Amino acid sequence: MNEKIKVKVHNLIKTFGDNQVLKGINLEVHDNEVVVVIGPSGSGKSTFLRNLNRLEAPTSGSIVIDDMDIADPKANINKIRENIGMVFQHFNLFSNLSVSENIMLAPVELKKASKEKAAAQAKKLLAQVGLESKYNATVQSLSGGQQQRVAIARALAMNPDVMLFDEPTSALDPEMVGDVLAVMKQLAKQGMTMIVVTHEMGFAKEVADRVVFVEDGNIQEQGTPDEIFNHPKDPRLQSFLDKVL
Ligand code: ADP
Ligand code: MG
């Protein structure tokens, strides 16, 4: 981990109608840091990530990523999304495109990369996620775990500064979870700044620099994996861990 602050969230509030889902989140993420977000279903974890790349617009507060306040309504949303990769529970690949076309689409369309350059990069990224042989494959021919690794490669194709993962293994058959987590672990090792929502406590213990416990729209406790898993203080965290460990 590095001293430089990459993501700085200050007093982030998100309201849907009269439902205040995020109640004033404060979080700083350093360059190269891996932050794992845990917490019960409905606590606001996905809403938090979706605000970080402006899939949702914050109700109030500020989100500064690489010195750019993305909560500012005047912010350039496309520029923001280029710098922040996101991987979803349900992959969201384009099923009418091949594996390589999925990876090349954004660099060619948004960054005006040449087809040749994008193709070479797609090849490299597929090797990185262990799927070199699937370059021309259709999306439908892949297993869920393979599709999720393509989704990671697709996000990486934009050379993001930060990667967000929202329960990337929750929709997978158990035997495929390990391959996806291994790719994420490798990415962390290479120094990627990552915010990962997951129920994979083994991954959190092994890979996280910091674990953040969200409940009821607030960060109730945060610390090192040792602090959070071995010495939890907040009774809500203790009871959450009793259920998931
Ligand atoms: P988690 O990811 O921790 O399970 P979510 O962020 O998905 O939690 O949801 C938190 C709360 O926000 C839930 O009560 C959910 O119904 C509500 N919510 C999320 N997205 C929307 C939306 N687009 N419109 C209205 N309510 C939403
Ligand atoms: Mg969620």
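K14 is buried, with a relative accessible area of 9% (buried means under 20%, exposed over 50% and partly exposed in between, using a 1.4 Å probe and protein chains only). The model is predicted: local features need pLDDT of at least 70, side-chain atom pairs count only at pLDDT 80 or more, and totals for chains, interfaces and linings use all residues. Residues are numbered from 1 along each chain as its sequence is written, chains are lettered from A and ligands numbered from 1 in the order in which they are written, and side-chain values use heavy atoms, without hydrogens and water.

K14 lies in strand β1 (helices, H or I of at least four residues, and strands, E of at least two, are DSSP runs numbered from the N terminus). Leaving out residues up to four places away in sequence, K14 touches N19, Q20, V21, L22, T47, N51, E56, A57, P58 and T59 (contact means heavy atoms within 4.5 Å). K45 is 31 residues from K14 along the chain, and their C-alpha atoms are separated by 12 Å.

V7 also belongs to strand β1, which covers residues 5–16. Its relative accessibility is 1%, so V7 counts as buried. Beyond neighbours within four places in sequence, V7 is in contact with L27, E28, V29, L52, V64, I65 and V162. V7 and D173 are 166 residues apart in sequence; from C-alpha to C-alpha they are 32 Å apart in space.

According to UniProt, in an unreviewed entry, the feature "domain: ABC transporter" is placed at residues 7–241. UniProt positions are given in the numbering used here, feature names are shortened, and annotations may be inferred rather than shown by experiment. Over residues 7–241 the chain is 38% helix and 26% strand. The end C-alpha atoms of this stretch are 27 Å apart.

The largest nonpolar core has 53 residues (a nonpolar core is a set of buried Ala, Val, Leu, Ile, Met, Phe, Trp, Tyr and Cys residues joined through side-chain atoms within 4.5 Å). Residues with the most contacts inside this core are I38, I103, I152, M163, F165, M184 and M194. Helix α6, residues 174–189, gives the most to the core, with 8 residues. A second, separate core has 26 residues, including V29, F48, I195 and V197. In soluble globular proteins, nonpolar side chains tend to be buried together. I152 is in contact with V87, M163, F165, V180, V183, M184 and L187, leaving aside neighbours within four places in sequence.

Helix α5 is largely enclosed by the rest of the structure, because 12 of its 13 residues are buried. Among them are Q146, Q147, Q148, R149, I152 and R154. The buried residues of α5 pack against β6 (84–87), α3, α4, β7 (162–166) and α6. At 1.5 Å a residue, the 13 residues of α5 should span 18 Å, which agrees with the 18 Å between its end C-alpha atoms (the expected span is 1.5 Å times one less than the number of residues). R149 lies in this helix, which runs over residues 144–156. At 10% relative accessibility, R149 counts as buried. R149 touches V129, G130, L131, D179, V180 and V183, not counting residues up to four places away in sequence.

A search of the whole structure finds 1 aromatic pair (rings of Phe, Tyr and Trp, the last by its six-membered ring, pair if their centres lie within 6.5 Å; planes under 30 degrees apart count as stacked, over 60 as edge-to-face and the rest as tilted). The pair is formed by F213 and F240 and is tilted, at 5.6 Å centre to centre and 40° between the planes. F213 lies in strand β9 (residues 210–215) and F240 in helix α9 (residues 235–244), so the pair ties together parts that are 27 residues apart in sequence. F213 is buried at 0% relative accessibility, and F240 is buried at 8%.

Two lysines sit over aromatic rings (NZ of Lys or CZ of Arg is within 6 Å of the ring centre and within 35 degrees of the ring normal). K123 lies over the face of Y135, 5.1 Å from the ring centre. The charged end of K205 is over the ring of F229, 5.3 Å from its centre.

Most residues other than glycine have a negative phi. K112 has a positive phi, near 55°. K112 is in the loop between α3 (99–110) and α4 (115–128), and counts as exposed at 66% relative accessibility. D216 also has a positive phi, of about 55°. D216 is in the loop between β9 and β10 (218–223) and is partly exposed, with a relative accessible area of 45%.
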